[in-house]
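Subject: Structure handover

Hello,

Here is the structure for you to look at. My notes on it follow below.

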Amino acid sequence: MKNRTVDLDKPFGRLTRIKDFLPSPKNLVVPEETVKVTIFLKKSDIIFFKHEAKQYHTKYQKMIRELVSKYVAHYA
């Protein structure tokens, strides 16, 4: 008889299929109307956002947009 090692990271026993509950990729991208604006920000603020964006592998403009959106949602 073979000695079998049990890998606890893998499922064991009877497996059951679950219903696909994730949205399709096309439903994940919600187009929203945007308006291009030009603003002047402090250089130190931009340096901060660029540094943070690099850490999280995203764009600093996107972080600023999210910040403004959350501010508006909070006070709207």
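The largest pocket in this predicted model has a volume of about 860 Å³. A pocket here is an open set of points on a 1 Å grid over the protein atoms alone, where a 1.4 Å probe fits, with protein on both sides within 12 Å along at least five of seven lines. Its volume is the space filled by probe spheres set on the points, and grid points are joined across faces, edges and corners.

The largest pocket is lined by 23 residues. Lining residues have an atom within 4 Å of a point. Nearest the centre lie Val37, Gln61, Ile64, Arg65 and Val68. H2 and helix H3 (60-75) are the elements that give two or more residues to the lining. H3 supplies the largest share, ten residues. Helices are DSSP runs (H or I, at least four residues), numbered from the N terminus. By type, the lining splits into twelve nonpolar, four polar and seven charged residues. Nonpolar covers Ala, Val, Leu, Ile, Met, Phe, Trp, Tyr, Cys and Pro; charged covers Asp, Glu, Lys and Arg; the others, Gly among them, are polar.

Val37 is exposed, at 59% relative accessible area. Exposed means over 50%, buried under 20%, and partly exposed in between (1.4 Å probe, protein chains only). With Val35, Ile39 and Leu41, Val37 makes a nonpolar patch of about 410 Å². Patch residues have over 30% relative accessible area and no salt bridge; nonpolar side chains (Val, Leu, Ile, Met, Phe, Trp, Tyr) are joined within 5 Å, like charges within 9 Å. A salt bridge is a side-chain nitrogen of Lys or Arg within 4 Å of a carboxyl oxygen of Asp or Glu. Areas use the Shrake-Rupley method with a 1.4 Å probe.

Lys42 is in the loop between H1 and H2. Lys42 is exposed, at 58%. Its C-alpha is 53 Å from that of Pro11, 31 residues away in sequence.

His57 is in the loop between H2 and H3. Its phi is near 55°, a positive value in a residue other than glycine. His57 is exposed, at 75%.

Glu66 lies in helix H3 and is partly exposed, at 42%.

On conventions: residues are numbered from 1 along each chain as its sequence is written, and side-chain values use heavy atoms, without hydrogens and water. Local features need pLDDT of at least 70 and side-chain atom pairs 80 or more, while totals for chains, interfaces and linings use all residues.

Best wishes
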